[in-house]
Amino acid sequence: MAEYYFDELIFNEIRKKNEVALRELYKTHYPMVYHLICSNNGTEQEAKDVYQEAVLAFYERAQQPDFVLSCKIKTYLYAVSRRLWLKRLWEKKRFDNNIPDNEPFPALDEELVDFEERERNFETMKQSLEALGEPCRSILEDFYIRDLTMESIREKFGYTNADNAKNQKYKCLQRLKKIFFVKYEAADGK
Amino acid sequence: MENEKLELMDAYAQGKLSREERYEVQERMLQDEQFRREIEAHEKLVHNLKAYGTRQEIKAKLARLEEELTINSKSNSSVVGDIPARKNPFKKYWPMAAVAASVALVSIVGTLLMTKSLASELETKQTAIYKELRKNFEQIQRSQSRMMENIAKSSEKPVPPGRYGGSGFLVSANGYVVTSHHVVVGADSVYIENAAFGPLKTSVVLSDDTNDVAILRIDDPSFNLQRPLSYMISSAEANLGEEVFTLGFPREDIVFGEGSISALSGYRQNPNAYQVSVPVNPGNSGGPLFNDRGDLVGIISGIQTETTGAAFAIKSSVLLNVIETLPADSVHQPLVLPRQNQLKHLNKVERIKKWKDNVFVVRVYAKK
């Protein structure tokens, strides 16, 4: 009972992007995943990586308005971590299908397809931005991610007038578009 | 020109256009394939860029949390520090667990074998102990009068003709009542009574021996509820474990009982009945069995003696079949089944209040 109440609370707070709740969640379930991975051929560092991904998956999913918490958060995290770890073991050829799946989570595959696609897009965008170079990267990040106005961008990068800054921004965007879609299609085709 | 277009696409992708402008863009997308592709690509790019931003932020947050956790655990070794010590607790205990498991296995197999050899015996023993729940007033009357004799030494009271009793319930608003066949078998006259309507004379219109269902009609032609019955008769099979309720007259007062469907077959695998874990007594026969939506699912018919908590109820689907065979009668109104459940959203107590008025004690005066 108490656990459900806790879950509900954490879930609602995470929806509101409350950092304290995220911290609580992170702290509460880490030992479980640590134990899962360290008793299955993993290291502490690997446990941390997998756990971060699992929490990230949960966090992103919680932001989606159609998401309904249908099981305990613990179950969700365990199932996702388990799956991610199996995948990594498979890649490392150390696979033995012996990890207990004590709380199966039925719709896991759908959950993870989505998550993996987002992860792939994230990596693609990261590489594209690195390939784009400065100052384009900062301009685009400032405008689209940090929501700065054109005026403050103009000041920050020392353009003489707003039109110049705007032109520059569009040029950068066009370049990014080219790089991104080449990489995107390559990643998609893989 | 190129920049203007970009600006438009940018505003569209970020959702900064007014509704009219947005509509215009969408119109143009429909007509101009090239434009549509461009704008979709743009939207995807901006969307991905934003997603990248939020994800980057969360990742940074999580990285900070992780660092914090590591530092904490190093300083006071709380969260992570003690885990390697109990890396795999099962390893330590597995020999004991294995022994326990083997003991359990032996005892289970043993019990199974023993019960199997006993099972056939039990089966034969059980055959003779189905008991119908008709209440015999004569016996009570006699024992009562015997008691009276003992107390008052008077034996003047004549013993009335054989009287039996059970329960029954309305199945249509125009006065049809269902009870068990064994309650009304051999009846001379049948009266029903409850607190809401008082005593009413009825006649038996159908008594089905094989299914143990009887249908009575209230003789008073003016009897009508003036409103539909509040429960329906379920045509579907109930589920195992479903909560069920009954109302009946094992005493002069109406008695409520509740329990669950414990088996989908009745006495000796009778597929037309349920086994229910509802406490019932002589006099409950013919009483209704309701489910937790308020619909009728069965008719209480009997118990198995020497077995605790095993009562039986005829399935409501059987009742529906019997009703179908009811001969058409030109004098009386036909039996019209209720079509709507009005009890779904009531709580238990409210529901019982509604049910109560439609449940009757059935008094049977037998031919001598």
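This is a predicted model: local features need pLDDT of at least 70, side-chain atom pairs count only at pLDDT 80 or more; totals for chains, interfaces and linings use all residues.

Reader: What makes chain A a helical chain here?
Author: The secondary structure of chain A comes to eight helices and zero strands. From the N terminus on, its elements read α-α-α-α-α-α-α-α.

Reader: Why is A:Asn121 called buried?
Author: Buried means under 20% relative accessible area. A:Asn121 has 12% relative accessibility, so A:Asn121 counts as buried. The residue is found in helix H5 (residues 108-132) of chain A.

Reader: Which residues is A:Asn121 in contact with, leaving aside neighbours within four places in sequence?
Author: They are A:Phe180, A:Tyr184 and B:Asn48. The cut-off for a contact is heavy atoms within 4.5 Å.

Reader: What makes a set of residues a nonpolar core?
Author: The members must be buried, come from a list of nonpolar residue types, and be joined through side-chain atoms within 4.5 Å. The largest such core has 48 residues. Those with the most contacts inside it are B:Phe169, B:Leu170, B:Ile215 and B:Leu319. Strand E14 (residues 359-366) of chain B gives the most to this core, with six residues. A second, separate core has 41 residues, including A:Tyr26 and A:Leu112.

Reader: Which residues does B:Ile215 contact, beyond its neighbours within four places in sequence?
Author: Among them are B:Tyr176, B:Val204, B:Ile323 and B:Leu335.

Reader: Why do nonpolar side chains gather like this?
Author: In soluble globular proteins, nonpolar side chains tend to be buried together.

Reader: What makes strand E3 of chain B mostly covered?
Author: Strand E3 spans residues 163-172, and ten of its ten residues are buried.

Reader: How do you know that E3(B) and E14(B) pair?
Author: Two strands pair if there are at least two bridges between them. E3(B) and E14(B) have seven, so they pair, and the sense is antiparallel. In this pairing, B:Gly166 stands opposite B:Val362 in E14(B).

Reader: What about E2(B) and E3(B)?
Author: Strand E2 (residues 135-136) of chain B has two bridges to E3(B), so the pair meets the cut-off of at least two. The sense is antiparallel. The bridge partner of B:Asn136 is B:Tyr164 in E3(B).

Reader: What do E3(B) and E4(B) form?
Author: They form a hairpin with three residues between them. Strand E4 (residues 176-179) of chain B pairs with E3(B) in the antiparallel sense over three bridges. B:Ser172 has B:Tyr176 in E4(B) as its bridge partner. In the turn, B:Gly175 has a positive phi of about 100°.

Reader: How much area do chain B and chain A bury between them?
Author: They bury about 4000 Å², 66% of it on carbon and sulfur atoms. B:Leu49, B:Tyr52 and B:Arg55 supply 20% of the area that chain B buries against chain A, more than any other three residues. The contact takes 38 residues from chain B and 44 residues from chain A.

Reader: Why is the link between B:Lys59 and A:Glu119 called a salt bridge?
Author: The cut-off is a side-chain nitrogen of Lys or Arg within 4 Å of a carboxyl oxygen of Asp or Glu. B:Lys59 and A:Glu119 meet at 3.7 Å, N to O, so the link qualifies. The count between chain B and chain A is three salt bridges.

Definitions and conventions:
Residues are numbered from 1 along each chain as its sequence is written. Chains are lettered from A and ligands numbered from 1 in the order in which they are written. Side-chain values use heavy atoms; hydrogens and water are left out. Helices (H or I, at least four residues) and strands (E, at least two) are DSSP runs, numbered from the N terminus. Buried means under 20% relative accessible area, exposed over 50%, partly exposed in between (1.4 Å probe, protein chains only). Buried area is the accessible area (1.4 Å probe) that two parts lose on being put together, summed over both.
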